[in-house]
Amino acid sequence: MKKRFFALFLILALALTSLTACGSKDKDKSKNKAKSYKDIYEIIEEVANMKKGTATISIDADLGSAGFAKLTFTVKNDGKNNGTISVGVDGDMNGTKLSTELEDAMIVKDNTAYFNVGGAMKAALSVPGAEMPEEVKKQIDDLKLGFFAFPLPDVDYSKFTSNFEDVTDIFISFLKNALKDAKVSGEDNEFTIAFKDAAAYKGVVSALADFVEKDALKLMNDKSNAEAIKTVDLNAYAKKVIDFYYDDVVELAKVFDVDKAMIDSLVDEVKKMDLNQYRDQAAEMVTADTISEADVKEMADEIRKANDEITDEAIKDFTTKATVKATDSGFKFSASVSGKNGKEEDCKITVSLKVSEDVDKIVAPSDVTRLRDFSAIATSIKSYIDKSQSIRDRDYRDFD
């Protein structure tokens, strides 16, 4: 298991680079797409510095007779703090089949997050064994669930990415160190990484240990994130959330015989609270020395010990290969590790990644579900509670 983990580590490291596709540099990609790259690190840096775009990562696991599974995540960012996340699942594990796609699982538009509650409910009901009583199912169908809106705090997001270029440089430095014993070949727009022997895998482990020992502490002690947290006004945000939901809460509370005066009293209490003290405490926790240099060195030494288990004999059944390619439509990364499982059957895990500057216009959903829309379900819940209480009262009287 340990040996397989280290083979997968490089794959995931390359793939996760796509998640940084909202960096701080503003480059003209129309020109960069046509150029050639001297090495894979130029391509990775290009992806990391993209200001907007679409990234799709697919993880395929072929486990032989045990089945297969595929997870797909698509993230879109328009470069204006708006974006979407979509998720897809397809698989057959030991005879249990599951196939569902949740497009726009979350949409962020104009500082408001919209969660696709309706789509998530349909996806959940598609899971084998997730059937529910017809009465409940009818209520959910009648509700016609759509997107649930939630306001976001007013934040200067640029402050949270002020150290982005430093992080990118550290990551590229890690990759160069990790691949020093691997065979990296190619030119112009396509490169291949191959792991031929134990030394190549050991290079990844050693690079990880070096990262923990030299760079991890530096990143954890970075003060920029703490300063960014302090720019968030939680008092103003609390008022924003209250104003956003107030009318709906008043309407929904009527179902439970809670009057408006009680809601107003609770609102006044919340508005009197100084929530920024908790924000400051969170900022202090970010900068606190939660781990010492000695602890970091000990962790690095433990990682290096894993190299003792990596030999040519131990990894003979595993093949790891990765390709990095720039195309007219964007960038493509793919990597796979294959080998034998406990039953000596072929198994293979492949990670594919596509990154492009192209992104559809992000729009807010029209089918927004409000809290007050849950009144019918709330009424059913209250009815059930009242009925249960009535039965308990009757049983107590009979007992007396």
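Here is a short chat about the aromatic rings in this predicted model.

Visitor: How many aromatic pairs turn up in the whole structure?
Guide: A search of the predicted model finds seven. Take Phe 174 and Phe 211, for instance: their ring centres are 6.2 Å apart, with 65° between the planes.

Visitor: So is that one stacked or edge-to-face?
Guide: Edge-to-face, because the angle between planes is over 60 degrees.

Visitor: Where do those two Phe residues sit in the chain?
Guide: Phe 174 is in helix 6, residues 164-178, and Phe 211 is in helix 7, residues 198-220. They are 37 residues apart, so the pair links distant parts of the chain.

Visitor: And is Phe 174 buried or exposed?
Guide: Buried, with a relative accessible area of 10%.

Visitor: OK, what about Phe 195 and Tyr 201?
Guide: That pair is tilted, with 5.2 Å centre to centre and 35° between the planes. Phe 195 counts as buried at 8% relative accessibility, and Tyr 201 is buried too, at 2%.

Visitor: Which rings join up into a cluster?
Guide: Phe 148, Phe 150, Phe 244 and Tyr 245, linked by ring pairs.

Visitor: Switching to charges, what sits over the ring of Phe 244?
Guide: The charged end of Arg 370, 5.5 Å from the ring centre. Phe 244 is also one of the cluster members.

Visitor: And which residue lies over the face of Tyr 41?
Guide: Lys 176, at 5.3 Å from the ring centre.

Terms used. Residues are numbered from 1 along each chain as its sequence is written. This is a predicted model: local features need pLDDT of at least 70, side-chain atom pairs count only at pLDDT 80 or more; totals for chains, interfaces and linings use all residues. Side-chain values use heavy atoms; hydrogens and water are left out. Rings of Phe, Tyr and Trp (its six-membered ring) pair if their centres lie within 6.5 Å; planes under 30 degrees apart count as stacked, over 60 as edge-to-face and the rest as tilted. Helices (H or I, at least four residues) and strands (E, at least two) are DSSP runs, numbered from the N terminus. Buried means under 20% relative accessible area, exposed over 50%, partly exposed in between (1.4 Å probe, protein chains only). A charge sits over a ring if NZ of Lys or CZ of Arg is within 6 Å of the ring centre and within 35 degrees of the ring normal.
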